[in-house]
Amino acid sequence: MPFLQLVIDAGPGDPAPVEEACFSAGALSVTLTDAADDPVLEPAPGATPLWPAVRVSALFPGGTDGAAVTASLAESLGLPSHRILAERVEDRAWEREWLKDFRPMRFGRRLWIAPGGQEVAEPGAVVLELDPGLAFGTGTHATTAMCLEWLDNLELGGRRVLDFGCGSGVLALAALRLGAQRAVAVDIDPQALAATQENAARNGLGDAIHVLHADALPEGCWDVVLANILAGPLVRLAPRIAAATCEGGRLLLAGLLDEQAPDVAAAYRPWFHMQAFAARDGWTALTGRKSTE
Ligand SMILES: C[S@@+](CC[C@H](N)C(=O)[O-])C[C@H]1O[C@@H](n2cnc3c(N)ncnc32)[C@H](O)[C@@H]1O
């Protein structure tokens, strides 16, 4: 079913009246997005921060009279009608639209991440088939890419791996493909846990991985611990992640901005010898080796 979409630049004010006016005019859904390029990183728990300039996109049924609804909204909001852009859009599985640009990608020497069904004709390629579903983690983001390159370069034979904040499961599953013996993948997002299970099954790795909520992580230690989260949670989780890393074990931390790297490294130094591994697009990845007592 096609839709009519109205896009309204709500500027720096409260977008709630614009949102309400759209629903009153018959909108089926309203989406708020960043009208400029002002990322909101690490909001406080329970907070729903907005950007300094908000764009409101409202979807109406396809049969809606675009000119009439634009004129009515312009009048009720006191806006000139040229500030409201009307367009027809076709129905699609919007949350999966970006997947059409997802192609097999190589990380390091041998590791490839490929969307399901796409062939990698490269001798010696280690291929992980992946569909992130609604979870984070395809390798297209710099933080995931740096982690995958680190894994490709690590001797993983027989190792037990913990992926803390697994998203799509990409890191844990790549580690298994690269020779790790077993993996545990935890997250706080049910969609991430579902995506990781599905990706494990898709790759025939279901028996080698244990996927569970982060709160249910059992006591124990792992030889390799991967955590691509954000700086705030990484700092708060330092004692827990340290306890989950075996003595002499390897740690990889990502999801921190370059300027956050010193604070995150400092939080882990009581247990680990820390160093920077790589930096890309403003993000830094840190590695550590846990000290032996
Ligand atoms: C940036 S994504 C990384 C996904 C994947 N590991 C990758 O490298 O692409 C971060 C993931 O960490 C999860 N996460 C955030 N805070 C967490 C916490 N305190 N404990 C466990 N997982 C957490 C999020 O739900 C999200 O799936």
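Trainee: Are Tyr268 and Phe272 buried or exposed?

Mentor: Keep in mind that this is a predicted model. The cut-off for buried is under 20% relative accessible area. Tyr268 and Phe272 both come out as buried.

Trainee: What kind of aromatic pair do Tyr268 and Phe272 form?

Mentor: A pair of aromatic rings is described by the distance of the centres and the angle of the planes. For Tyr268 and Phe272, that's 6.1 Å centre to centre and 55 degrees between the planes. Planes under 30 degrees apart count as stacked and over 60 as edge-to-face. So with 55 degrees, the Tyr268 and Phe272 pair is tilted.

Trainee: How are helix 3 and helix 4 oriented to each other?

Mentor: Helix 3 covers residues 142-152 and helix 4 covers residues 170-177, with their axes 10 Å apart. They pack at an angle of about 20 degrees, and angles under 35 degrees count as roughly parallel. Helix 3 and helix 4 are therefore roughly parallel.

Trainee: How many nonpolar residues does the contact of helix 3 with helix 4 have?

Mentor: Helix 3 brings Thr144, Cys147, Leu148 and Leu151, and helix 4 brings Val170, Leu171, Ala174 and Ala175. No charged residues take part, and one is polar. That contact's nonpolar count is seven.

Trainee: And what percentage of the chain's residues are buried?

Mentor: The chain's secondary structure comes to eight helices and 14 strands. There are 293 residues in the chain, and the buried share is 46%.

Key
Residues are numbered from 1 along each chain as its sequence is written. This is a predicted model: local features need pLDDT of at least 70, side-chain atom pairs count only at pLDDT 80 or more; totals for chains, interfaces and linings use all residues. Side-chain values use heavy atoms; hydrogens and water are left out. Axes are lines fitted to C-alpha atoms, for helices over the stretch in contact, and angles run from 0 to 180 degrees between N-to-C directions. Helices (H or I, at least four residues) and strands (E, at least two) are DSSP runs, numbered from the N terminus. Angles under 35 degrees count as roughly parallel, over 145 as roughly antiparallel, 65 to 115 as roughly perpendicular and the rest as oblique. Contact means heavy atoms within 4.5 Å. Ala, Val, Leu, Ile, Met, Phe, Trp, Tyr, Cys and Pro count as nonpolar, Asp, Glu, Lys and Arg as charged, and the others, Gly among them, as polar. Rings of Phe, Tyr and Trp (its six-membered ring) pair if their centres lie within 6.5 Å; planes under 30 degrees apart count as stacked, over 60 as edge-to-face and the rest as tilted. Buried means under 20% relative accessible area, exposed over 50%, partly exposed in between (1.4 Å probe, protein chains only).
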